[in-house]
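Hello,

Here is the structure I promised to hand over. Please have a look, then read my notes below.

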Amino acid sequence: MTLFKMIKAGFLILLGSLLFACASGDSPSGTQAEVQEVQTQLLGDMPLPQGAKIVGSESIIIGSGDQWVGRAVIGALQGATDVYAFFQSEYPKAGWNTVSAVKAKTSILVFTKGDRTATIEVSDGPFSGPKTIIVITSSPKSANVISPTKR
């Protein structure tokens, strides 16, 4: 599939997702199994900590499954240290290779798998929200990035 077709398909999925988000609220809802199924369809082979939910209003997910690109913002029930340990442990089990891992106030982990790269930021959540905020940015390793030209 060409990059243009992926972007076009992703746009249609994003448009549908936005309409779904407007109709159903901010995050996937339903039973834990139903939420997990929707999130697996969106994020493919990127496991999430138990009970974590995608924050639809802050996420931009283009495509789905193992080929999605964009930014997924996720609220987790566990603390930042436990979430960081989850990613360090579970992503290699799912076939992801660790490129770098930095534990700090905002921890950053970088993984690759095949022709894809995932950057994961883990930070404390707001006082009134989830314990931890996770931001996963996914993109192809070989994306054609064109620098803007000065005019």
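Is serine 138 buried or exposed? Serine 138 is buried, because its relative accessibility is 2%; buried means under 20% relative accessible area, exposed over 50%, and partly exposed in between (1.4 Å probe, protein chains only).

Before the rest, a word on the source. This is a predicted model, in which local features need pLDDT of at least 70, side-chain atom pairs count only at pLDDT 80 or more, and totals for chains, interfaces and linings use all residues. Residues are numbered from 1 along each chain as its sequence is written, and side-chain values use heavy atoms, with hydrogens and water left out.

**Overall**

The protein has three helices and seven strands. Helices (H or I, at least four residues) and strands (E, at least two) are DSSP runs, numbered from the N terminus. Their order from the N terminus is α-α-β-β-β-α-β-β-β-β. Of the 151 residues, 31% count as buried. Contact means heavy atoms within 4.5 Å. Among contacts with a separation of 6 or more, 46% join residues 24 or more positions apart.

**Serine 138**

Serine 138 sits in strand S7. A polar atom of its side chain lies 3.1 Å from the backbone oxygen of tryptophan 68. Leaving out residues up to four places away in sequence, serine 138 touches Met46, Trp68, Val69, Gly70, Arg116 and Thr117.

**The core**

The largest nonpolar core holds 24 residues. Such a core is a set of buried Ala, Val, Leu, Ile, Met, Phe, Trp, Tyr and Cys residues joined through side-chain atoms within 4.5 Å. Leu43, Ile74, Ile120 and Ile136 touch the most other members. Two or more residues each come from helix H2 (32-43), strand S3 (69-76), helix H3 (80-93), strand S5 (107-113), strand S6 (116-124) and strand S7 (132-140). H3 gives the largest share, five residues. In soluble globular proteins, nonpolar side chains tend to be buried together.

Which residues does isoleucine 120 contact, leaving aside neighbours within four places in sequence? They are Phe87, Tyr91, Ser107, Ile108, Leu109, Phe111, Ile134, Val135 and Ile136.

**Glycine 95**

Glycine 95 is in the loop between H3 and strand S4 (97-102). It counts as partly exposed, because its relative accessibility is 36%. Neighbours within four places in sequence aside, glycine 95 contacts Thr112 and Lys113. Its C-alpha atom is separated by 9.7 Å from that of methionine 46, 49 residues apart along the chain.

Best wishes

Terms used: Polar contact = N/O pair within 3.5 Å; in protein donor to acceptor, adjacent residues only side chain to side chain.
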